[in-house]
Amino acid sequence: MTMNTAEVRDPHDDGRPRMRAVVGSHRIEEEMFGRVFDGKVVSRIWEFVRPYKRRVALAVAAVLTFTATQLSIPLIVRYAIDHGMAPGGVDGGVLAGIIAVFAVVIAINYAASWVQEAVTGRMAENVLFDIRRKMFSHLQKVSLSFMDKTEVGRLMSRLQGDVNSMQEFLETSVLSVGDIMLLVGIVAVMLWLDWQLGLLVLTVLPILLVVRVLWIKRARAAFLAAHEANSVTNGALAEAIHGVRAVQGMDRAGLNQKLYGELVDRNYRAHLRASRMAQIMVPIVDTLTGIAMALVIVVGGSMVVSTRIDVGVMVAFLFYIQRFFDPIRSLTMQYSVMQRAMASGHRLTEVLDVAVDVEDKPGAVPLTPEDDAGVEFQDVTFGYNPEHPILKNVSFKVKSGETVALVGPTGSGKSSAMALVHRFYDVQQGAVLVGGRDVRDVTQESLGRHIAMVLQEPYLFTGTVMENIRYSTHWASDDAVREAAEAVGAHDFIERLPQGYDTVLDERGGNLSLGQRQLLSFARALVADARILVLDEATANIDSYTEMLIQKALQRLLEGRTGLVIAHRLATIRNADRIIVLQQGEKIEEGSHDALMRKDGLYAKLYSLNYASFDDIPAELTGT
Amino acid sequence: MRAARPNRGCLVRALQDGTFPMTQTTDVTAGEAGDPSQRLFRRTAGTDPGQGFSALVRITRMTLGYPGRVAVALVSTLFAVAAQLSIPVLFGRAVDETLILAGDDAAGRASLVAIALTLFAVSVARGLFTMAQNYTAESVGHALAHDLRLAVYDKIQRLPFSFHDRTHSGDLITVGMLDLEGVRMYFSTALVRTVLLTLLIGIGAWMLITTDPLLGLLALSFVPFAAWRSSAMQLTLRRTWLVLQERLAILSRVMEENLAGIRVVRAFASSRHELGKFDAASAEALALSHDRVSIRVKNTSAMTLAFFAAMGLVLWVGGRQVAAGEITVGTLATFLTFMTILQMPVRQLGLMVNAYARASTCGARLFALLDMPVEVDDKPGARDLEVTEGTLRLDNVSFAYAGSDGRTAVTDVSLTARRGETIGIVGPPGSGKTTLMHLIPRYYDATSGSISIDGQDIRDVTLSSLRHAVAVVQQDSFLFTTTIENNIAYGDPYARDRRIRGVSESAQLHDYVLGLPRGYETVVGERGVSLSGGQRQRLSIARTLMLEPAVLIFDDSTAAIDAGTESRIRSALRGYAADRVTLIVAHRLNSLMHADRILFLEEGRVVEQGTHEELLALGGRYKALHDLQMRPEGDVLDEMEEAAT
């Protein structure tokens with residue numbers, strides 16, 4: 001982790017405490033460049049290119065053809081000068097013939113240029129989308145423990161930035177073939193035209209190469225610094241925008257402006273430095289070109305004068321010289337592109353190689369709606385880290401149609417138990433049975449249809465209210481969605497939204513209150529119409545009015561279903577058929593409210609504290 | 001020779017299209033709720049051409065603020081063009097020289113050396129002047145960007161809440177990043193380039209045509225076509241680029257929401273549904289990407305062909321003239337070299353056109369932001385608030401949000417609170433509690449009535465002093481991505497450690513912080529350790545306490561804190577409450593029943609008022625709410641429901 005923040009020098013440096021103010025945030029930087037060539041990465045990427053290998057071949061062929069036509073044009077000019085326009089205008093036929101050849105060559109050039117760019121461009125785009133799809137679909141299968149510990153932002157930068165740099169790499173790779181061929185071709189043609197003059201002119205080439213190699217390291221450092229300064233500055237701007245209410249509320253605008261000024265100054269200086277580095281190459285290249293041209297004129301000119309070579313040869317040389325710095329420039333750029341691509345490719349393969357822990361067994365059978373709707377834990381032991389089990393030898397049974405409340409202090413393993421029912425993770429010992437079958441023996445998709453789940457934090461997608469409630473239950477009609485919304489008491493507020501059910505929700509449902517989002521997630525579970533409902537009750541405080549609606553909706557949701565509820569509210573707990581009390585991963589009590597009260601154990605103790613919610617009870621009172 | 005490929009790799013393409021790959025916007029522009037015309041700074045909305053033009057004028061004027069560098073850039077451009085144009089002429093002369101002198105070695109060598117040395121000098125001069133031109137032009141852009149960044153930042157920090165309510169933060173970021181970039185590039189890619197191309201093409205054409213009108217016209221024949229195709233291509237690419245960004249944003253959103261909501265996706269076993277969404281979004285973006293490749297390929301190939309065709313014509317016609325002895329081989333060589341030199345700039349005309357288009361739309365958006373009036377601002381000559389007695393007074397305060405057709409969210413609220421008093425505010429959702437609280441620090445200005453502290457109307461004092469005197473613990477507190485201590489000391493960066501620890505203890509945060517591996521130096525926020533809702537609220541309370549305000553407002557800021565911790569915070573704050581007015585908005589009555597007075601708000605009006613006991617005795621709405629919360633039993637639920645309907 002690096003700190004990229006501006007610190008303004010303390011203006012009151014008189015022994016007062018140091019200033020604790022920064023703008024712009026701490027950023028985690030990733031390696032931008034890898035090795036130039038990483039065989040493993042290349043072979044993984046090749047898998048994605050393989051389906052397009054004929055197109056790659058076609059593109060390379062087109063690039064070569066294109067390069068050949070580029071190379072031949074100065075030669076044609078040379079030929080025309082030396083043979084088609086002898087003073088005295090004797091044979092117009094030769095010139096016409098040469099022009100005809102020229103016309104054919106430029107026609108080929110046109111076709112080759114078209115094919116090369118179109119095929120390469122499309123192929124690179126396709127590969128980009130293929131890699132992204134493969135990664136995305138892989139992420140749908142990898143274990144949730146991987147997803148839990150990986151930031152979404154990090155994955156997104158894999159799916160966007162890293163894939164993009166692979167695309168850039170593919171596209172430029174094909175074109176690099178052309179650059180190499182062009183360079184080789186120019187050298188070869190020059191030597192062929194006149195090897196002595198050729199050698200003489202080519203002496204500037206190694207000089208340029210050395211200068212370029214010396215330059216690129218420092219230049220790249222300057223470019224990176226500018227890029228970095230830019231993103232730090234932009235980061236600070238984004239922070240100011242997102243946190244503007246806090247900034248104004250605490251009157252920090254003045255100081256922030258000063259701090260931001262430092263960043264902007266730094267950014268300015270970094271960009272000027274980068275610009276100087278980029279521009280310094282211009283006179284160097286022009287000087288070398290000048291040397292080469294002067295050599296051709298002096299030496300080549302003398303050779304023409306002494307009639308050792310034709311004047312057309314000299315003209316051709318002058319044309320080639322103007323071109324031969326281009327491929328060198330592109331090729332040195334390609335070096336950075338490759339390094340960047342290797343680093344990105346390495347990160348991509350890391351994602352693609354994340355193991356899939358929870359998978360359908362070969363021959364897994366689907367659960368059918370006819371299957372029983374019971375849930376059973378048989379001696380289950382489970383921990384995200386097997387060394388530290390979260391659940392220890394837990395056994396219980398929820399009969400079809402029964403509602404069971406799981407209660408217990410924070411960290412007792414309630415949420416893990418719920419995740420196991422859906423087979424988000426596999427148990428280390430024992431078994432979880434749904435509908436009388438081990439969850440590992442049935443297909444995950446059918447398990448998903450058999451169980452509806454309501455998470456503690458309601459999660460909404462961008463889209464209309466209708467789409468959110470229906471979610472993946474495609475077959476539910478609009479009326480079914482409406483009915484579900486009515487059943488959970490969400491219909492009224494939905495109707496009051498600007499476009500009713502067609503209102504598009506903001507990101508994460510930002511235009512709804514927490515309670516309303518909760519109700520929508522209930523409706524979503526109701527539409528899914530599964531036999532078993534697993535529900536993690538929200539702990540956050542919702543205003544009493546919405547709370548009331550939610551309590552009613554919950555009752556409606558549990559009607560005719562098997563319910564396994566992680567309950568926080570006393571009202572919910574009391575409505576359950578049975579209560580299971582967990583503590584530190586072990587089941588310590590089980591029974592109805594009355595039975596547990598008689599037993600006078602942990603439950604009775606918690607209940608008698610008379611809090612509206614178990615979660616409100618201070619930890620020291622629960623004795624955990 | 002080789003036709004340049006102006007579109008190499010996506011980096012270059014992105015630069016030409018008007019952005020960098022690093023700064024792709026991920027904000028969601030499609031499908032926004034509410035009236036789309038309400039949204040400022042939409043990327044896809046067209047800009048009025050008049051506005052675009054005045055934006056260009058304004059940017060041009062601003063660049064003149066750096067006259068030295070502008071002059072150097074323009075003069076260098078002139079010299080660079082002169083050097084550039086003399087190269088073909090020198091070429092031609094060298095060729096002719098060799099032919100005239102054929103056989104005469106000694107004399108030939110001397111004149112050739114002279115030409116070669118001139119050519120070398122000209123070439124070096126071209127390099128140096130091009131460097132000077134590019135560097136100074138870019139530096140003008142960077143200097144402009146430097147100043148604009150500061151102006152944008154300042155503006156954003158000063159624009160009131162009402163502005164930020166109706167502006168999408170993603171759009172604002174885009175204005176500050178991409179639009180600013182478009183304006184920055186204006187001088188080097190539009191203005192200087194226009195001068196460069198005008199001189200190069202103009203003088204070049206004049207030289208060619210005066211040398212030989214027919215051959216000159218033939219050599220230039222590709223220019224109009226290439227200029228037209230290049231401009232048309234760049235404009236189409238720019239337009240489709242904006243659409244592509246939108247499609248990519250949708251794709252990103254599908255992926256991002258899927259990954260962030262992966263538990264829901266798994267819970268509903270809906271990965272197939274999600275892949276369907278992904279494929280649909282992906283196909284849309286890919287199709288457009290392919291279209292863009294086609295647009296590019298079609299045009300660049302056509303431009304190359306036009307160029308070569310013109311070259312073929314020059315070679316043919318010129319060749320015949322050489323054969324007829326009308327012109328020399330050197331003149332022909334001059335023409336051909338000229339063409340190769342003109343080729344690149346002509347093909348890049350589109351970039352210049354694009355730069356104008358980009359600067360005018362970007363500039364229009366940027367200036368719209370910079371010209372936005374700051375509605376809540378210091379009056380001219382406003383003085384600092386002087387807190388003496390510490391009395392807060394609200395006098396018939398009403399407030400209506402902009403665009404609510406005058407429907408008031410707060411109506412005729414009056415209140416006087418003295419130092420040491422605690423006032424509770426309660427009421428159903430949407431009853432105006434938060435709105436009322438936001439009027440006191442002038443997050444919004446009251447529509448009518450007045451608010452004063454110690455007799456000074458809050459509109460007559462400086463905002464800075466007011467906001468030090470009135471501090472709000474927000475419902476949803478924003479944490480800055482920095483250390484916990486920096487966050488706590490946000491409003492008082494020079495605070496001593498002791499005070500930071502003190503407020504942190506009062507907010508019941510200290511023990512938690514000590515448990516973190518890096519204690520108070522732990523980085524929190526968006527890219528740091530994520531805190532739970534309750535921890536965030538505690539941190540928010542701590543940083544507000546640092547301000548030691550005369551009026552301390554808790555805006556439903558303990559909802560995510562458990563009751564036990566909240567009661568400890570309450571007792572810790574008892575000492576603080578003695579020195580100031582405390583206002584508490586809460587849903588949970590436990591949070592405010594100790595208040596000296598409680599206001600019950602309904603539809604923006606105070607409908608009940610008194611102490612907890614008085615309100616219970618009154619047997620009205622407050623009592624009903626109290627019963628609901630204290631006895632969460634089914635029978636009360638039904639009772640409440642009847643009462644509510």
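1. Eleven of the 13 residues of helix α18 of chain B are buried, so α18(B) is largely enclosed by the rest of the structure. Buried here means under 20% relative accessible area, exposed over 50%, and partly exposed in between (1.4 Å probe, protein chains only). The buried residues are B:Gly534, B:Gln535, B:Gln537, B:Arg538, B:Leu539, B:Ser540, B:Ile541, B:Ala542, B:Arg543, B:Thr544 and B:Leu545. The helix covers residues 533-545 and reaches 18 Å from its first C-alpha to its last, close to the 18 Å expected at 1.5 Å a residue. The expected span of a helix is 1.5 Å times one less than its number of residues.

2. A word on the basis of this note: this is a predicted model, in which local features need pLDDT of at least 70 and side-chain atom pairs count only at pLDDT 80 or more, while totals for chains, interfaces and linings use all residues. Residues are numbered from 1 along each chain as its sequence is written, chains are lettered from A and ligands numbered from 1 in the order in which they are written, and side-chain values use heavy atoms, with hydrogens and water left out.

3. Chain B as a whole: its secondary structure comes to 22 helices and ten strands. Helices (H or I, at least four residues) and strands (E, at least two) are DSSP runs, numbered from the N terminus. Of the 645 residues in chain B, 59% are buried. Among the contacts in chain B with a separation of 6 or more, 78% are between residues 24 or more positions apart; contact means heavy atoms within 4.5 Å.

4. Between the chains, helix α3 of chain A (residues 92-139) meets helix α8 of chain B (residues 222-260), their axes coming within 11 Å and crossing at roughly 20°. That makes α3(A) roughly parallel to α8(B). Axes are lines fitted to C-alpha atoms, for helices over the stretch in contact, and angles run from 0 to 180 degrees between N-to-C directions. Angles under 35 degrees count as roughly parallel, over 145 as roughly antiparallel, 65 to 115 as roughly perpendicular and the rest as oblique. The crossing of α3(A) and α8(B) is left-handed; a crossing is left-handed if the near helix is turned anticlockwise from the far one by less than a right angle, and right-handed if clockwise.

5. On the α3(A) side of this contact are A:Phe129, A:Arg132, A:Phe136 and A:Leu139, and on the α8(B) side B:Leu248, B:Leu251, B:Met255, B:Asn258 and B:Leu259. Together they divide into seven nonpolar, one polar and one charged. Ala, Val, Leu, Ile, Met, Phe, Trp, Tyr, Cys and Pro count as nonpolar, Asp, Glu, Lys and Arg as charged, and the others, Gly among them, as polar.

6. Helix α8(B) also packs against helix α11(B) (residues 329-347), at an angle of about 25° and with the axes 9 Å apart. These two helices are therefore roughly parallel to each other, and the crossing is right-handed. The residues in contact are B:Phe222, B:Val223, B:Ala226, B:Ala227 and B:Ser230 of α8(B) with B:Met339, B:Leu342, B:Gln343, B:Val346 and B:Arg347 of α11(B). They divide into seven nonpolar, two polar and one charged.

7. B:Ala357 belongs to helix α12(B), residues 349-370. Its relative accessibility is 22%, which means that B:Ala357 counts as partly exposed. Not counting residues up to four places away in sequence, B:Ala357 touches B:Leu235 and B:Arg238. From B:Gln234 it is 123 residues away in sequence and 9.8 Å away in space, C-alpha to C-alpha.

8. Helix α10(B), residues 271-323, has 53 residues that should span 78 Å at 1.5 Å a residue; its end C-alpha atoms are 75 Å apart, which agrees. Just after α10(B) comes B:Gly325, with a positive phi of about 80°.

9. In chain A, helix α18(A) (residues 544-558) has 15 residues and reaches 21 Å between its first and last C-alpha, close to the 21 Å expected. Its buried residues include A:Met548, A:Ile550, A:Leu554, A:Leu557 and A:Leu558. A:Gly560 follows the helix, with a positive phi near 70°.

10. A:Thr307 has a value of about 55° and sits in the loop between α9 (253-305) and α10 (311-323); A:Thr307 is exposed, with a relative accessible area of 60%. A:Arg423 has a phi near 55° and lies in the loop between α12 (414-421) and β4 (429-434), but A:Arg423 counts as buried at 5% relative accessibility.
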